[in-house]
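Subject: Structure handover and notes

Dear colleague,

Please find the structure below, followed by my notes on what was found in it.

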Amino acid sequence: MLSRLPRIAMSAHSSSAWILLVIEFLDEFIYGAREAAWPLVRSDLALTYAQIGVLLGLPRVLSGIAEPFIGILGDIWRRRVLVLGGGIVFALSLFLTGVSHSYAWLLISFVLFSPASGAFVSLSQATLMDLQPVRREKAMARWTFAGSLGVVLGPMALGLVLAANLGWRTIYVATAIVTVVVLTLVWRMRFLLSAGTEEASSLLTVFREVLRGLRRPDVLRWLVLLPFSDLMLDVLLGFLALYFVDVAGVSTARASIAVAIWTAMGLVSDLLLIRLLDRVDGLVYLRVSAVAELVLFVTLLLTPHFWAKLVILALLGVFNAGWYAILQARLYATLPGKSGTVMAVDNIFGLVGGLLPWGLGVIAENYSLGAAMWLLCAGPLALLFGLPYQGASTSGVSPEIG
């Protein structure tokens, strides 16, 4: 009888991990649909580049203020309550986006969405890291694959909705309903206490831990590299459809194809990365892929032909796979057993990252979107200059098992 207990525990952990991966899928599903829908949203609400920059940047900044407290509470309080509460607001913000008919209401829905995603999605990621502490890079690779699957299926679902003449708003309302269904599964899920919970006996104790973390060079390295790497990930995706319509001069339909190709190739690469990390050191892979991304992205901007851009874009989607997964796993490894604290320091530093799309929007408005796109080259350059050259001794990542 006792011999069955470890297997039962492993089964419970596996079920919990699957639920957490579904949460990430939903978050990226609606994100992918939103990025593909930007030309439609802009036309529907008559948005300017500056307003789009605010919609992308301001929620990140406000979320960067709220999420550190959410992360700290996730280490010392009832994480299950925080995830459920975040999920409720997450669903509400999606519904509000679906019924928004003005820039002001759309901004409110986006502002609600970001901290809700912090409680619902980011704490789910932290919980996954607690479930698999010695397999962080592979667990993050699976998390990233679930997100990539959502990003791919989001634009496809949007296309089906538009083909049925239902409008872009339908995808938000439908996703809100599905989120409520997922919340019923989260309600029944058991959350393990963080390994650092006993030490973090008070809010003040964890705040001190956060401040210590922000002063540690090994933590700061990954905190700096994460937002810069995002320039070739979420930030690029945020402007991709607009780039193809306004700079490359193609139709909205062709721009949607470009977004779909970029995300589809990223999905395939994220799946292959799960096995690749068994054979290749993550830091070596990041350096090689950063060189490839820099060369490919410059070529993309210089190439005038649409079909050539699509081929290059597909390759970009291949070589940026693993950037977020590996960097985020290395960050968690610097503070083992304190996943909520990692989330807190990540979001405090993420305030700078939230200004990046905002600044790009302002530059695009005052100069041109084509000029602003060149600034994304800072992403691979930061990796080339910022990555350590001694993998295991610097990263603090435990060896992979299985």
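Helices here are DSSP runs of H or I with at least four residues, and strands are runs of E with at least two, numbered from the N terminus. This is a predicted model, in which local features need pLDDT of at least 70 and side-chain atom pairs count only at pLDDT 80 or more, while totals for chains, interfaces and linings use all residues. Residues are numbered from 1 along each chain as its sequence is written, and side-chain values use heavy atoms, with hydrogens and water left out.

A46, which lies in the loop between α1 and α2 (49-76), has a phi near 55 degrees, a positive value in a residue other than glycine. With a relative accessible area of 61%, A46 is exposed, where exposed means over 50%, buried under 20% and partly exposed in between, using a 1.4 Å probe and protein chains only. N165 sits in the loop between α5 (136-163) and α6 (169-187), and its phi is near 60 degrees, again positive in a residue other than glycine; at 71% relative accessibility, N165 also counts as exposed.

If residues up to four places away in sequence are not counted, L376 touches L231, M232, V235, L236, F297 and L360, contact meaning heavy atoms within 4.5 Å.

On helix packing, α9 (residues 234-246) and α12 (residues 306-319) pack at an angle of about 165 degrees with their axes 12 Å apart, the axes being lines fitted to C-alpha atoms over the stretch in contact and the angles running from 0 to 180 degrees between N-to-C directions. The two helices are therefore roughly antiparallel to each other, a label given to angles over 145 degrees. L240, Y243 and F244 of α9 make the contact with F306, K309 and L313 of α12, and these residues divide into five nonpolar, no polar and one charged.

Finally, V291, found in helix α11 (residues 282-302), counts as partly exposed at 43% relative accessibility. V291 and L384 are 93 residues apart in sequence, yet 7.4 Å apart in space, C-alpha to C-alpha.

Best wishes

Conventions. Parallel < 35°, antiparallel > 145°, perpendicular 65-115°, else oblique. Nonpolar A, V, L, I, M, F, W, Y, C, P; charged D, E, K, R; others polar.
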